[in-house]
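Subject: Handover of a structure and its findings

Dear colleague,

Please find the structure below, followed by an account of what was found in it. I would be grateful if you would read the two side by side.

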Amino acid sequence: MSPVEHQQAVVLDPTDRRLINALQGDFPLTRAPFADLANALGLDESEIIERLQRLLDTRVLTRFGPMFQIERVGGAFCLAAMEVPEERFDEVAGAVNALAEVAHNYRREHALNMWFVLATEHPDGIAAAAGAIEQATGLAVLLFPKECEYFVEMKLEA
Amino acid sequence: MSIEASEAGLQSAADTPDPLARRIIVATQSGLPLVADPWGALAHELGVPGETVLATVADMLARGVIRRIGAVPNHYAIGFTANGMSVWDIDDDAVDAVGRFLAGMKSVTHCYRRPRRLPQWPYNLFAMVHGRSRTEVDDEIAALAQVIETRFPAACRSRDVLYSSRILKKTGLRIAP
């Protein structure tokens with residue numbers, strides 16, 4: 001399917017749901033992490049790997065691996081928004097998504113109708129990426145850098 | 001770890017990035033290999049011993065360079081079809097207290113203070129609320145607003161919620177090799 005993701009729920013069996021929930025916790029830092037997980041869940045190691053591959057192939061999961069806070073090694077994340085004329089929406093989405101610095105991009109229902117996250121290895125990369133998007137689209141990019149993060153556990157129970 | 005020690009660690013991390021840590025980021029930013037020994041496979045790819053990779057990843061977790069290791073669900077696919085970005089214009093004196101309160105609520109998955117962009121954007125507090133329907137999310141945000149009004153009277157001047165209607169891209173971080 002196209003890179004545009006599911007817009008609705010897909011059918012998952014109870015084992016898929018248990019696996020997804022287990023994989024939102026701590027993944028074992030061992031030489032046999034799926035076997036460790038299998039013991040905890042009462043599944044086979046190979047079944048876990050196959051299910052995980054299927055969930056990634058069908059885009060139920062968008063990623064599996066370490067999640068980085070690039071700020072901790074000198075990089076930056078920044079939320080950004082644009083007000084995109086409806087008739088130009090797809091063209092502008094293409095131009096914005098073409099930048100490797102754009103990590104996520106969502107259409108939202110508001111006058112500011114395109115919201116994306118820039119992720120760069122150096123802090124000055126944020127302004128450069130926003131400038132490149134303004135240049136490519138002729139539209140203003142509003143930057144919303146985080147000033148403070150209030151800690152939450154990110155878990156969505158499947 | 002004390003706050004000073006962790007800030008010092010952060011400073012040195014920013015000043016002298018560990019070359020192996022950077023190579024691990026580049027090699028795994030699109031995902032871990034789905035094999036029985038993914039850390040061993042990564043070590044093989046990087047040409048270093050498996051134990052070195054495990055120790056470096058453990059250190060990156062301890063320093064917060066890695067937030068966590070695991071799966072990122074497409075929230076639509078797992079049934080959270082209503083994804084509301086609730087935004088709040090909160091008095092500057094109260095915004096941190098309100099932010100901490102919102103972050104503690106079960107329905108809130110991310111909560112940040114960000115600058116206002118006047119006149120277009122008066123909101124300085126962002127809280128993501130995921131639910132299985134817009135009605136559920138609207139009701140939850142209304143309930144949160146009520147508690148905020150009780151606990152922090154008149155601190156909230158206005159609020160809005162922006163629903164996502166399409167994921168246009170969701171790849172995550174990509175730094176150049």
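Across the interface of chain A and chain B, 39 residue pairs are in polar contact, both residues being at pLDDT 80 or more; a polar contact is a pair of N or O atoms within 3.5 Å, where within protein one must be able to donate a hydrogen and the other to accept it, and residues adjacent in sequence count only if both atoms are side-chain atoms. Strand E1 (residues 61-68) of chain A supplies the largest share of the side of chain A that touches chain B, namely eight residues. Helices (H or I, at least four residues) and strands (E, at least two) are DSSP runs, numbered from the N terminus.

As to conventions, this is a predicted model, in which local features need pLDDT of at least 70, side-chain atom pairs count only at pLDDT 80 or more, and totals for chains, interfaces and linings use all residues. Residues are numbered from 1 along each chain as its sequence is written, chains are lettered from A and ligands numbered from 1 in the order in which they are written, and side-chain values use heavy atoms, with hydrogens and water left out.

The interface

Contact (heavy atoms within 4.5 Å) joins 80 residues of chain A to 83 residues of chain B. The two chains bury about 7,900 Å² between them, with 59% of it on carbon and sulfur atoms; buried area is the accessible area (1.4 Å probe) that two parts lose on being put together, summed over both. Seven salt bridges are counted between chain A and chain B, a salt bridge being a side-chain nitrogen of Lys or Arg within 4 Å of a carboxyl oxygen of Asp or Glu.

One salt bridge between the chains pairs Glu147(A) with Arg113(B), at 3.3 Å from N to O. It runs from the loop between strand E5 (142-144) and strand E6 (148-149) of chain A, where Glu147(A) lies, to strand E3 (residues 108-113) of chain B, which holds Arg113(B). Glu147(A) is partly exposed, at a relative accessible area of 43%; buried means under 20% relative accessible area, exposed over 50%, and partly exposed in between (1.4 Å probe, protein chains only).

Salt bridges within the chains

The whole structure has 21 salt bridges over all chains. In chain A, Arg54(A) and Asp16(A) meet in one of them at 3.0 Å, N to O. This pair links distant parts of the chain, 38 residues apart: Arg54(A) is in helix H3 (residues 45-57) and Asp16(A) in helix H1 (residues 14-22) of chain A. Arg54(A) is partly exposed at 37% relative accessibility, whereas Asp16(A) is buried at 2%. Both belong to a network of salt bridges that also links Asp13(A), Glu47(A) and Arg51(A).

In chain B, Asp92(B) and Arg116(B) form a salt bridge at 3.1 Å, N to O. Asp92(B) lies in the loop between strand E2 (82-90) and helix H5 (95-103) of chain B and Arg116(B) in the loop between E3 and strand E4 (125-131) of chain B, so the pair ties together parts 24 residues apart in sequence. Asp92(B) is exposed at 52% relative accessibility, and Arg116(B) is partly exposed at 23%.

Cysteines

How many disulfides are there over all chains? The count is zero, where a disulfide is a pair of cysteine sulfur atoms within 2.5 Å. The sulfur of Cys78(A) is 15 Å from the closest cysteine sulfur, that of Cys148(A), which is too far for a bond. For Cys111(B), the closest cysteine sulfur is also in Cys148(A), at 8.6 Å, again too far for a bond. Cys78(A) is buried, with a relative accessible area of 5%, and Cys111(B) is buried at 1%.

Other local features

In helix H3 (residues 38-46) of chain B, the buried residues are Pro38(B), Trp39(B), Gly40(B), Leu42(B), Ala43(B) and Leu46(B). Their cover includes helix H2 (33-41) of chain A, along with helix H2 (19-28), helix H4 (50-62) and strand E1 (66-73) of chain B. Just after this helix, Gly47(B) adopts a positive phi of about 70°.

Asn113(A) sits in the loop between strand E3 (102-108) and strand E4 (114-120) of chain A and is buried, with a relative accessible area of 5%. Beyond its neighbours within four places in sequence, Asn113(A) has contacts that include Met82(A), Phe89(A) and Tyr106(A).

Yours sincerely
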